[in-house]
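Subject: Structure handover, salt bridges

Hello,

Here is the structure I said I would pass on. Please open it alongside this email and find each residue as you read.

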Amino acid sequence: MVAISVQELTLRFPVYGVDAKSLKKHVARVTVGGRLGMHAHATHVTALSNINLELNAGDRLGLIGHNGSGKTTLLRALSGAYEPNEGRVEVFGRIASLLDLNLGIDPTATGLDNIYLRGRVAGLSAREIDGRIDEISEFSGLGPFLAMPLKTYSAGMQARLAFAVATSVEADVVLMDEWIAVGDEEFQTTAHARLDDLIARAGILVLASHNLELIRGYCNKVMRLTGGVASEVTDIRRLDDLLAA
Amino acid sequence: MTSTHHMLRTAPKGALSEALLALDDLKRSAQRVGLAWSRAWHDVVARYRGSILGPFWITLSMGVMVLGIGLLYAQLFRLPVGEYMPFVALGIVLWGLISTTMTESCDTYVQAAGMLRQTALPLFIFTLRTIFRNLINLAHHAVIIVAVVAIYGYWKVMDLPVALLGLALVVANIGWMGLVVSIAAARFRDVPQIVGSFMQFAVFMTPVFWKPDAIPERHAILILNPFYYLLQAVRAPLLGETTVNGTYLFLVIMALVGWTGALALFSITRRRIVHYL
């Protein structure tokens, strides 16, 4: 079973200012009796309010909205990293969150070591990675460079490796923050095909993007976030109505 | 990225359910203990990549320190080297375990920020990682212990099973201390400095370099000092000495009380830790 169910999700962030991060200032406040700083308390930002979302197998949801509208926050809540202040988030299926390709990567380790490091974070056992290592290293196209530390790679080579590992998992739910475009032109084509394949096998895709053409191309549903408030989940064919609204 | 098959995240529903969720975090961490171990192992390998001696560099510098302090302080304290050297060697190695675990716990969550912000990984994995990393280092430093025990003939009088029991109790206690420190350090950025100065103060207040029988028995500096019990629980049996009555009982109670407190703190802050970072 593959499904995402979000009910009345509200997420509030405590934002800790410089003074709020100091234990000394907290103690001083208690002993002196008065408030020393104006910003001693954490401010709360409501990043998402009352989000409702039901997705089932075959749904490809595009998230649109301005910077700071809550797209990434919603993806993080779906990945299980952020816990709701109100409401609930329920996900059935294996989640692949491709929010940050550098997840779990160590620049001082070799390319090969990084495949293992990243794979372990993704929930693969060492043996499972052993089974995929040939495929991953072949896809990355890095060949002998896999024995070199990642910091000696160019940015493009690093991205190739990260991409190859991140997309080597089996996933039912793919969470993506902007379409991943890495490498040179030739690699981009194969990367694109690989990502397409991953998404095709997954039941659900949630893609946050500012690129409307991309959303049109990949998604069959769309949701617009404005200051943490979500629109209805709309059919992609009515994207223009949603934008006009 | 993670492969959870069913994930449910709900709003807080009272203290009891938060406590159960904290315990569930521990349970899920135990299920993924392999990840904690592989990360810890990688940390050790990465830190010493390119050096011939690897983690034995620290062992070597510790060994030199043991030798220097052992010879000099034996003179200062007018003690036979054969008696003082093993004492201080064990003290320095064990203190290293306790103190480094505390200072490195300050980075436990800060270091893991990237992973915590986009996966459903349980938090306690990273506390395990810090503890495992320090145990791996201890395994290297065990060379020093083996050397002094062999050279000064303490293998004839030592009580290894009791020492290992003592070590287990030490790990149980630095576990909860590490959890508390890691949460505090994620929340307040001046905690690493405080922990650093505190551990430096504690090393002089605890019989690491000086022998406990140099001061009156049951002096407050000993009986009120938890680090004294932690050290003695492993050191005394290896030196063929008996510990102060109740050392092990004290450590068991400290572990139980400590874990209760640490888990209470963990269940209160668990949801917010990711936002601290």
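What follows is a short account of the salt bridges. Please keep in mind that this is a predicted model.

Side chains of opposite charge can pair when their charged atoms come close. Over all chains, the search of the whole structure gives 21 salt bridges.

In chain A, Glu135(A) and Arg194(A) are joined by a salt bridge, with 2.6 Å from N to O. This pair links distant parts of the chain: Glu135(A) sits in helix α4 (residues 126–140) and Arg194(A) in helix α6 (residues 185–201), 59 residues apart. Glu135(A) is partly exposed, because its relative accessibility is 38%. Arg194(A) has 12% and therefore counts as buried.

In chain B, Arg271(B) and Glu18(B) form a salt bridge of 2.9 Å, N to O. Arg271(B) belongs to helix α12 (residues 247–276) and Glu18(B) to helix α1 (residues 15–31), 253 residues apart. Arg271(B) is buried at 12% relative accessibility, and Glu18(B) is buried at 9%.

Helix α1 of chain B also holds a pair within itself. Asp24(B) and Arg28(B) make a salt bridge, their closest N and O atoms being 3.3 Å apart. The two are four residues apart in the helix, so about one helical turn separates them. Asp24(B) is partly exposed at 28%, and Arg28(B) is partly exposed at 22%.

Regards

Conventions:
Residues are numbered from 1 along each chain as its sequence is written. Chains are lettered from A and ligands numbered from 1 in the order in which they are written. This is a predicted model: local features need pLDDT of at least 70, side-chain atom pairs count only at pLDDT 80 or more; totals for chains, interfaces and linings use all residues. Side-chain values use heavy atoms; hydrogens and water are left out. A salt bridge is a side-chain nitrogen of Lys or Arg within 4 Å of a carboxyl oxygen of Asp or Glu. Buried means under 20% relative accessible area, exposed over 50%, partly exposed in between (1.4 Å probe, protein chains only).
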